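Try each task on your own before reading its solution.

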Amino acid sequence: MTVWHLDPEAIRRYAQGALPPELAASAEAHLMKCAVCRGVISSYVDSRRAEAIWHEVVDRVDAPRRSGTERMLVRLGVGEATARLVVVTPTLRGPWLLAVAGVLALAAWAAQVDERFLLMFFVVAPLGPLAGVAVAFAGGLDPTREIGLAAPYSGLRLLLIRTAAVLAVSVPIVAAAGLLLPGSSWLAAAWLLPTAGLTCAALALTARMTPVVAVGVVATVWVLVTAPTAVAGHLDLAFGIGAQIFWLAVAVGGGLWLAATRNTVTIKLGRSA
Amino acid sequence: MLTRPPDPREDSELLAAITDGDREAFAELYRRHLPWLLVRLGRRCSSPELVDEVVQDTFVAVWRSAGRWDRRGEVAAWIWGIGIRRLVDALRRGRPPADELMEFAGVETSAEEHVLLAVQYGDVGAALASLSPELRAVVQATVLDGLTTREAARLLGIPPGTVKTRMMRARAMLRERLA
């Protein structure tokens, strides 16, 4: 340590911003080296201010660190609360996404081997994103469930945010699997509108039942209708132009219905009540 | 938390303890380094709220990256390096500090007056004081605060090219004064 120290009066004037710039610069250079003079400054700093900053620092140090995905979302302009909601969605965890990718890869591979399995791919493809939506709200899997039930947060908003997040992640997976399919390229996209329609229908149904049940109902209807036609070989009936327009209509209708009733309908996110 | 008995450990030992998650050591480091950091940053930014925020950021960063201190030089200088860069970042994100500087320049005696007053003295302090506030701010940011041209430009709210020309002019003036 140096033996030379700043004059106490100079420290006082420096701390109060009254020291001329060249003397302040010299004081700062000394302060970097001298713990004793740094200590003297503390008497000129408002202890309430120091205390307040300390509490903020401790709060932030104690807060769980945000994951890379969450920080990326925040940087892209998503609100902090929304980013956290998206990140804790059970569907977006690795194992689930791996499972969806695995099943679809298998279906695509089977379709390569035998043309008949192609039909099954179309039956299964919309179920991937749809099941993702259900899992996002499945009671035991959602870590924010208890908080969500008690929080004064719009159920519809939560539903839409999570559904959008799930679709944003799972649709590319299905699309990638679709590209592996044999046959013309439009086939690879034929499941898109049915997926949109089914998702909107499920969302609209959440006014009456929990998301899990709603997705279950929609998925069951979908399989009951398409599986027999697919097995019978009438692919056009389920995926032709007419069917595509029908699913587009369902998607638009469901969306409009949700928009129209957004203030009057209570979305049931909790236990079926 | 500011009234506990002093901790005998050196700053470097405190940082090592912080790496292991020692909250007591962190509190002690905060106690020692908050005051001067608050004052020093406060001299470079007119908004106390922004300074508080930057200081907060700085200590959170110290807690998280204590292990990244390279064990050379003063811990205080390391903390200052973090703090001044956080301030530059905060200023880039938010409002430019230029209006406050202009106000300051108006109160200051004119550059000519400075020069005339300082001609009779030959030392560095007087030479520095003889610079206009604009030139002195650039000298302070680059030479004394250790910022790059680009960082100094952000801190002062002027283009990097201006920092370079002002620095050149300041250097020429200082050389002349000290010759």
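Of the 179 residues of chain B, 36% count as buried (a residue is buried if 20 or more other C-beta atoms lie within 10 Å of its own, exposed if 12 or fewer, and partly exposed in between, with C-beta atoms placed from the backbone). A quick note before you start: this is a predicted model, where local features need pLDDT of at least 70, side-chain atom pairs count only at pLDDT 80 or more, and totals for chains, interfaces and linings use all residues. Residues are numbered from 1 along each chain as its sequence is written, while chains are lettered from A and ligands numbered from 1 in the order in which they are written.

**Exercise 1.** Work out how many helices and strands chain A and chain B have.

*Solution.* Start with chain B: it has 10 helices and 0 strands, where helices (H or I, at least four residues) and strands (E, at least two) are DSSP runs numbered from the N terminus. Reading from that end, the elements of chain B go α-α-α-α-α-α-α-α-α-α. Now chain A: 16 helices and 0 strands. Chain A has 273 residues, and buried ones make up 36% of them.

Next, look at contacts (two residues are in contact if their C-beta atoms, placed from the backbone, lie within 7 Å). In chain B, take the contacts between residues at least 6 apart in sequence: 57% of these join residues at least 24 apart. In chain A, 75% of the contacts with a separation of 6 or more are between residues 24 or more positions apart.

**Exercise 2.** Find which helices of chain A supply the side that touches chain B.

*Solution.* First, the head count: chain A puts 26 residues into the contact and chain B puts in 27. On the chain A side, at least two residues each come from helix H1 (8-15), helix H2 (21-31), helix H3 (35-41) and helix H4 (47-62). H4(A) gives the most, with 9 residues. Sorted by class, the side of chain A that touches chain B has 16 nonpolar, 3 polar and 7 charged residues. For that sorting, Ala, Val, Leu, Ile, Met, Phe, Trp, Tyr, Cys and Pro count as nonpolar, Asp, Glu, Lys and Arg as charged, and the others, Gly among them, as polar.

**Exercise 3.** Track down the residues that touch the most other members of the largest nonpolar core.

*Solution.* A nonpolar core is a set of buried Ala, Val, Leu, Ile, Met, Phe, Trp, Tyr and Cys residues joined through C-beta atoms within 7 Å. The largest one has 60 residues, and those touching the most other members are Val55(B), Ile79(B), Leu87(B), Val138(B), Ala152(B) and Leu155(B). Helix H4 (residues 75-93) of chain B gives the most to this core, with 11 residues. Zoom in on Val55(B): leaving out residues up to four places away in sequence, Val55(B) touches Ile53(A), Leu34(B), Leu37(B), Leu38(B), Leu41(B) and Gly83(B).

**Exercise 4.** Decide how helix H2 and helix H3 of chain B pack.

*Solution.* Two packed helices are described by the angle between their axes and the distance between the axes. Helix H2 (residues 23-42) and helix H3 (residues 48-64) of chain B pack at about 145°, with their axes 10 Å apart. (Axes are lines fitted to C-alpha atoms, for helices over the stretch in contact, and angles run from 0 to 180 degrees between N-to-C directions.) Among the residues making the contact are Phe26(B) and Tyr30(B) of H2(B), and Phe59(B) and Trp63(B) of H3(B). By class, this contact has 12 nonpolar, 2 polar and no charged residues.

**Exercise 5.** Explain why helix H9 of chain B is largely enclosed.

*Solution.* Count first: 6 of the 8 residues of helix H9 (residues 149-156) of chain B are buried, so H9(B) is largely enclosed by the rest of the structure. These are Glu151(B), Ala152(B), Ala153(B), Arg154(B), Leu155(B) and Leu156(B). Then check their partners: they pack against H4, helix H8 (133-144) and helix H10 (160-178) of chain B. Finally, see what comes after the helix: H9(B) is followed by Gly157(B), whose phi is positive, near 70°.
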